[in-house]
Amino acid sequence: MDPKQMAQRAPHSPIRGTGWLQGWRLTFGGNDLGWEGALASIVEDPADQVFVVLYDVPEWDESSLDQWEGAARGLYHKVKLRVQTLEGEVVAWFYVLDGYEGGLPSARYLGILAEAAERAGAPDDYVRDLRGRPCTSLGG
């Protein structure tokens, strides 16, 4: 979601808007991959929803983003899902971690996610819950 990271990783991909991915929840996994903590992902959960930022990603930026996100190495795979926006329902693709759920993100990583959500207009309680998630002090 972070606009600064997206500008580096997919510079021709403007923000399209925001919405809610219903029936999914934000989680973390891949703690064993040797980075500073677990990585963000989503898993199906009928009782939950995830605030998302949507980008228009052209084909030439998609391959660059796949490299950055590890999809080209099999770390993540892409799935197409329906997102509820103020303008109606849209279909977008998401990176889903190919690993077990579990582990804690670093404080730095969680801070980046929370800041991006806040800047994108996520509700205050959503950002507060995100900032209050358990994390490690690595990278913090």
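This is a predicted model: local features need pLDDT of at least 70, side-chain atom pairs count only at pLDDT 80 or more; totals for chains, interfaces and linings use all residues.
I will start with the core. The largest nonpolar core has 35 residues. Those touching the most other members are Leu21, Ile42, Val50, Val83 and Phe94. Where does the core come from? At least two residues each are supplied by the strands β1 (15-29), β2 (39-55), β3 (76-85) and β4 (88-97), and by the helices α3 (107-119) and α4 (124-131). Strand β2 gives the largest share, with 9 residues.

Next, helix α4. Which of its residues are buried? They are Tyr126, Val127 and Leu130. Looking down the axis of α4, these buried residues fall within an arc of 95 degrees, so they line one face of the helix. They pack against β1, β2 and α3. On the face turned away from the buried side, α4 carries the exposed residues Asp124, Arg128 and Asp129.

Last, Arg9, which sits in helix α1, residues 3-9. Is Arg9 buried or exposed? Its relative accessible area is 17%, and the cut-off for buried is under 20%, so Arg9 counts as buried. What is Arg9 in contact with, leaving aside neighbours within four places in sequence? The list is Asp61, Ser64, Leu65, Trp68 and Glu69.

That is the end of the talk.

Conventions: Residues are numbered from 1 along each chain as its sequence is written. Side-chain values use heavy atoms; hydrogens and water are left out. A nonpolar core is a set of buried Ala, Val, Leu, Ile, Met, Phe, Trp, Tyr and Cys residues joined through side-chain atoms within 4.5 Å. Buried means under 20% relative accessible area, exposed over 50%, partly exposed in between (1.4 Å probe, protein chains only). Helices (H or I, at least four residues) and strands (E, at least two) are DSSP runs, numbered from the N terminus. Contact means heavy atoms within 4.5 Å. The arc is that of the directions from the helix axis to the C-beta atoms.
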